[in-house]
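Dear colleague,

Please find below the structure that I am handing over to you, together with its sequence. My findings follow directly after it.

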Number of protein chains: 2
Amino acid sequence: MAIAPSHLQIDSSHRRDLAPIATPDRLLLGPGPSNAHPTVLEALSRTPIGHLDPLYVELMGEVQELLRYAWQTDNRLTLPMSGTGSAAMEATLANTVEPGDRVLVAVKGYFGLRLVDMAGRYQADVRVIEKPWGEAFSLDELEAALIEHRPAILAMVHAETSTGICQPMEGVGDLCRKHNCLLLLDTVTSLGGVPLHLDAWKVDLAYSCSQKGLSCPPGLGPFTMGPRAEQKLSARTTKVPNWYLDVSLLNQYWGSDRVYHHTAPVNMNFGMREALRLLAEEGLEQAWARHRRNAEALWSGLEGLGLVMHAPLELRLPTLTTVRIPEGVDGKAFSQHLLNNHGIEVGGGLGVLAGKIWRIGLMGYNSTPENVDRLLNLFETELPRFKQTAAVAA
Amino acid sequence: MAIAPSHLQIDSSHRRDLAPIATPDRLLLGPGPSNAHPTVLEALSRTPIGHLDPLYVELMGEVQELLRYAWQTDNRLTLPMSGTGSAAMEATLANTVEPGDRVLVAVKGYFGLRLVDMAGRYQADVRVIEKPWGEAFSLDELEAALIEHRPAILAMVHAETSTGICQPMEGVGDLCRKHNCLLLLDTVTSLGGVPLHLDAWKVDLAYSCSQKGLSCPPGLGPFTMGPRAEQKLSARTTKVPNWYLDVSLLNQYWGSDRVYHHTAPVNMNFGMREALRLLAEEGLEQAWARHRRNAEALWSGLEGLGLVMHAPLELRLPTLTTVRIPEGVDGKAFSQHLLNNHGIEVGGGLGVLAGKIWRIGLMGYNSTPENVDRLLNLFETELPRFKQTAAVAA
């Protein structure tokens with residue numbers, strides 16, 4: 001029998017006899033993933049339905065509409081990519097960049113560097129302007145760079161998860177239109193938690209993630225593309241050099257044709273639908289205000305304990321707070337202590353900020369006064385021990 | 001305040017006031033997605049943990065080991081891509097194909113054509129050999145093509161979901177070594193349900209999905225790469241032209257370095273871990289035998305009702321059965337009836353087989369005698385009505 005060759009023995013060297021999964025209930029106050037809403041987690045565990053089932057098709061439309069609301073955009077091509085936020089990030093570039101296109105990336109942290117790497121893989125002529133990791137770009141700086149480089153796309157990060165900085169966006173879109181380029185914006189750490197007005201800001205391409213401000217587990221990557229970017233996609237002379245993320249194909253599935261592309265991650269989309277439903281139920285203004293209120297309580301509490309914020313107040317993200325690790329403290333030892341003894345995750349620094357800051361996320365479902373109090377209490381009662389230990393060790 | 005511009009109003013035109021999700025419990029007996037095991041669904045709804053949490057790192061190792069067992073391979077680079085099976089498919093090509101590399105695709109159905117499309121996007125010099133949709137390739141045909149085209153990679157589908165055909169694999173790997181090319185195999189509809197011996201078959205690259213034979217919802221794409229393919233990856237002179245699927249980067253996260261790449265879809269991996277644990281608990285031989293046994297019951301039942309199988313017995317997949325729609329029957333009307341009135345999904349034909357066959361999946365958790373009986377009963381009692389209706393209409 002060709003399909004059951006009897007002479008081949010089963011090799012059991014990689015077989016494992018494991019106990020059922022028993023992961024603990026962590027409070028995830030790092031840069032992500034953040035905790036998901038219990039209603040979303042329940043939705044994930046529903047029986048899957050077919051990806052062409054009329055009921056699923058209806059759910060797809062709901063997800064698209066609610067993403068438009070969350071992003072404040074009318075973009076037709078708004079859908080969750082079937083991968084994490086990084087896949088959606090790549091989708092914005094893969095669909096629009098043709099070899100030799102000039103892409104200007106405004107880098108002010110780790111995720112700006114990722115945009116540089118990705119754009120290069122699509123053979124863009126990548127130009128970079130940089131700011132220290134803890135600052136934002138001014139309109140003058142951006143305009144000078146647009147004049148110098150004359151890019152087809154300006155790519156930048158709204159909420160830099162590596163620095164806690166929020167890039168002011170008013171006027172940037174107007175500059176891009178004036179200098180005839182597309183505006184591509186990373187909204188991974190802002191969607192659902194920080195004021196975002198894609199259409200009013202004249203953003204042409206944006207992406208985000210399913211966790212953080214949306215309170216769904218990681219796994220989907222919201223993506224949106226406005227008419228000017230769509231025009232660039234339509235004018236391509238070659239296929240999008242990425243099949244999985246090709247929006248022209250995806251649109252045949254997410255659009256009215258419903259042409260099969262790939263088998264949708266239906267359960268993740270169940271979760272996404274519930275996450276967006278809950279956001280719409282709360283209301284955007286209310287969600288933004290809640291994030292702001294709880295972040296302010298965190299900031300004043302930490303400052304009250306003598307800690308120093310890394311981001312200046314006027315550029316500080318409400319979703320992700322960067323706090324400087326005090327002199328003489330082993331920041332990693334403290335965060336490991338929080339994880340192992342209190343079940344709370346906070347993040348460390350990335351890149352040039354490694355070992356210098358903690359990153360504390362208050363995102364989506366996690367942005368509550370209770371979580372702020374719980375964390376501030378631990379900083380107050382436990383951090384001093386780590387100062388002393390470090391001093392003794394030094 | 002730069003990050004909360006007060007003059008911008010919220011546009012609520014896309015806001016929706018939705019009821020909580022209420023999808024029905026379907027029995028998914030189509031080509032996929034298939035039902036997930038209840039234990040897997042429970043795992044999906046666990047509280048997420050961090051993607052660099054030591055407990056998650058441990059879980060990653062378990063998933064990798066159990067994938068090696070399921071695939072019968074020792075490949076170091078064995079991991080689930082953070083996308084569906086199609087993403088893993090693309091990963092096999094994206095990592096190994098350099099512009100101008102010759103890729104020979106043996107096409108005998110829809111998913112072979114997808115390999116052709118994808119390989120072209122990575123600028124391969126794509127060559128194609130074809131068989132009718134319902135046949136498989138002989139060793140002689142494959143060797144003749146290898147001699148004629150001298151490809152760097154031979155890509156083919158083990159279990160063609162579009163035709164129900166299982167490609168016999170014995171000897172194919174030896175041919176590829178003899179003619180100095182890599183063997184790339186689609187195992188989307190075989191992993192966990194059909195005998196698979198990647199290392200014994202000398203397969204260099206393979207991919208699959210998380211649903212079907214593994215009984216996890218769709219969303220992850222198992223990927224594996226053997227030493228010969230790894231060598232081709234290491235010898236690349238340019239970066240992999242796909243950041244998200246770049247195995248050289250992913251290996252720094254899944255390997256011992258644990259360098260952050262993207263935020264892992266942790267909940268999907270909770271499910272995957274449980275799905276693989278259950279497969280190891282049952283045992284591969286037992287799972288393969290169960291799929292075979294239930295499929296044989298389905299086949300003889302359908303034939304007993306006078307229906308004709310599309311695939312010849314010796315090439316017939318136990319996971320996915322293709323049945324010819326009888327003359328005068330509206331196949332789509334019958335499958336819509338099954339879905340709407342009995343909550344059972346069966347699939348239709350793709351491409352040249354559209355309107356000609358039904359596709360019935362008995363995969364993973366769904367491969368049970370009870371499901372076979374339930375479906376056969378409906379074919380017996382309900383299909384005749386559709387024959388009459390069609391005859392009257394004609």
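In this predicted model, β13(B) and strand β14 (residues 357-361) of chain B run antiparallel and are joined by two bridges. On the β14(B) side, W358(B) is the bridge partner of G348(B). Both strands belong to an open sheet of three strands in chain B, with the order β11-β14-β13 and antiparallel pairing. β11 (320-324) and β13 (347-348) of chain B each have a single partner strand and stand at the edges, so one side of each is left without a neighbour in the sheet.

Also in chain B, helix α9 (residues 266-282) has 17 residues, which at 1.5 Å a residue should span 24 Å; the end C-alpha atoms of the helix are 24 Å apart, in agreement with that expectation. α9(B) is mostly covered, with 15 of its 17 residues buried. The residue that follows α9(B) is G283(B), which has a positive phi, near 95°.

Turning to chain A, the division is into domain 1 (27-32 + 284-393) and domain 2 (38-281). The C-alpha centres of these two domains of chain A lie 28 Å apart. Between them, 25 residues of domain 1 are in contact with 25 residues of domain 2. On the domain 1 side, the elements that give two or more residues are α10 (284-304) and β11 (320-324) of chain A. α10(A) gives the most to that side, with four residues. By class, the domain 1 side consists of 14 nonpolar, nine polar and two charged residues.

With kind regards

Note on methods:
Residues are numbered from 1 along each chain as its sequence is written. Chains are lettered from A and ligands numbered from 1 in the order in which they are written. This is a predicted model: local features need pLDDT of at least 70, side-chain atom pairs count only at pLDDT 80 or more; totals for chains, interfaces and linings use all residues. Domain bounds come from an automatic or database domain assignment. Two residues are in contact if their C-beta atoms, placed from the backbone, lie within 7 Å. Ala, Val, Leu, Ile, Met, Phe, Trp, Tyr, Cys and Pro count as nonpolar, Asp, Glu, Lys and Arg as charged, and the others, Gly among them, as polar. The expected span of a helix is 1.5 Å times one less than its number of residues. A residue is buried if 20 or more other C-beta atoms lie within 10 Å of its own, exposed if 12 or fewer, and partly exposed in between; C-beta atoms are placed from the backbone. Two strands pair if DSSP finds at least two bridges between them.
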